[in-house]
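Student: I would like to learn how to read salt bridges in a structure. Could we go through them step by step?

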Amino acid sequence: MKKLLTVLGLAASLLLVTGVTVSGVAHAQAAPAAEAKKEEAKAPEAAKADDKKDAPPAAPAADAKKDDKAEAKGDAKAEAKPAEAAAAKPPEPNKGDFTFMYIATILVILMTIPGLALFYGGLVRTKNMLSVLMQVFVTFCLISVLWVVYGYSVAFTGGGSFFGGFSKMFLAGVDLAGAGATFSKGVYIPEMMFAMFQLTFAAITPALIIGAFAERMKFSAVLWFLVLWFTFAYLPMAHMVWFWDGPDAIKDEATLKAVTEAAGWLWAKGALDFAGGTVVHVNAGIAGLVAAYVVGKRIGYGREAMTPHSLTLTMVGACMLWIGWFGFNVGSNLEANGTASLAFVNTLVATATATLSWLLFENFLKGKPSMLGAASGAVAGLVAITPACGFVGVKGAMVIGAVAGALCLWGVSGLKRMLGADDALDVFGVHGIGGIWGAIATGIFAAPSLGGAGICNYVTNKCGEAADFPGIPAQVWVQVQAVLTAVVVSAVVAFVALKIIDMVIGLRVAEDAEREGLDVTSHGETAYHM
């Protein structure tokens, strides 16, 4: 525990001395178009006309129509009204991009249920299989409801640099006509679809933490902890990293400044996180490590064998995670275009490279490559490429994957022994370490000089220009700030939440219940009947 507090103290100190602010012109997760329209509520069609080169300006079209009809019928006012109504019409979502996001959202749901549940379930002992399945499944349901009630509103509305507001509780105003901004000017998807895509991220992130305290925590304590952590750690991080008013709100340097001031704290600094390196993986990994310390070790840990009961199910779960991760990473582009293709390629190549890297080092260190190593290496690669998948080139993705395989192998072995925590399913070793590496590496390999895609400048409406990239050292420093923010926020919230729950209802099951297994003692069922 002293080691943990020391690390947190150092991270907090670094954040306090941070004064660097980088103007945010980079890609970030899209905010609803309704927020973007606040900047130009009096002229929405004029903004739309500027973004679409092939569309005639709204005002001249209306004037021409009025003049023509005045000559023909002598009633210009009557003819101007339809033009004004057309000018007030909300943006039309792209049907192809909607279909793309629909499929991506389903794939991310598949990652959690049953993908993550089976991956974790196979790694625990037989007597705890159902308890893990239950915890993951119910967490998905619980967070889905909370996301609709207040989560989406807090994460993706304006109001502050660290939190949003409550104007969209119960998805108020997110109706059938609502349009959400993407990363291209004039291109929209239904806001309702965007909200559901983000729901899947919010649901899988707390579920990842379950692996750290598997096999010994009360079911009620698990749910209460994840509710508190979701509310005070996940939602602020999502807002800080991903909230902005959308590209259509940016016309010139003045509007860029306004958008930056209204955006999330880390977005405004220019932090790059394509699909959740800091928001999801570093966030969950740190919470898992803190939980492992606070909840304590399993009975018999270090003295009894606690081998996975079904690597077959773990392998099946890993494959479902990999398939679903394409929805996770590629869908984060919000549009079916070239950047989505890049994210797909990088997600595939980095994961394959990480798997081979893990097995190579495992074979060197232990004498044999293992199925567990292959599955773990794949997840490590998926984690590391998540923040970078739409920003880096293929060569950069391969380097990120290769390093992730070796680094996360050390994270679940040497580093784990050094920390002395019973992180049962290596949440910190894979998601924490892999996420930190991926987030920082994004700042390196996103550089156009290294084959990266660079960032977008919405004032000039050009992406990938070398002159717009702040430079590798500057971008890496911003990425480090994002990592430190996730570490401090997640650790503090997790620690406080666990202590409160321990005082109120207790964290752990009774010793005899833990020995018998949580399947029977917590749920009255068994996974297998022999």
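Student: How far apart are N and O where the side chains of R298 and E215 meet in a salt bridge?

Tutor: In general, a salt bridge is a side-chain nitrogen of Lys or Arg within 4 Å of a carboxyl oxygen of Asp or Glu. Here, in a predicted model where local features need pLDDT of at least 70, side-chain atom pairs count only at pLDDT 80 or more, while totals for chains, interfaces and linings use all residues, R298 and E215 meet at 2.7 Å, N to O. Side-chain values use heavy atoms, with hydrogens and water left out, and residues are numbered from 1 along each chain as its sequence is written.

Student: Which parts of the chain does the pair of R298 and E215 link?

Tutor: Helices (DSSP runs of H or I, at least four residues) and strands (runs of E, at least two) are numbered from the N terminus. R298 sits in the loop between α12 (277-295) and α13 (311-330), and E215 in the loop between α8 and α9, 83 residues apart.

Student: Is R298 buried or exposed?

Tutor: Buried means under 20% relative accessible area, exposed over 50%, and partly exposed in between, with a 1.4 Å probe and protein chains only. R298 counts as buried because its relative accessibility is 8%, and E215 is buried as well, with a relative accessible area of 2%.

Student: Which residues are linked with R298 in a network of salt bridges?

Tutor: The network links R298 with R125, E215, R216 and D422. Within it, the side chains of R125 and E215 meet at 3.2 Å, N to O, and R125 is buried.
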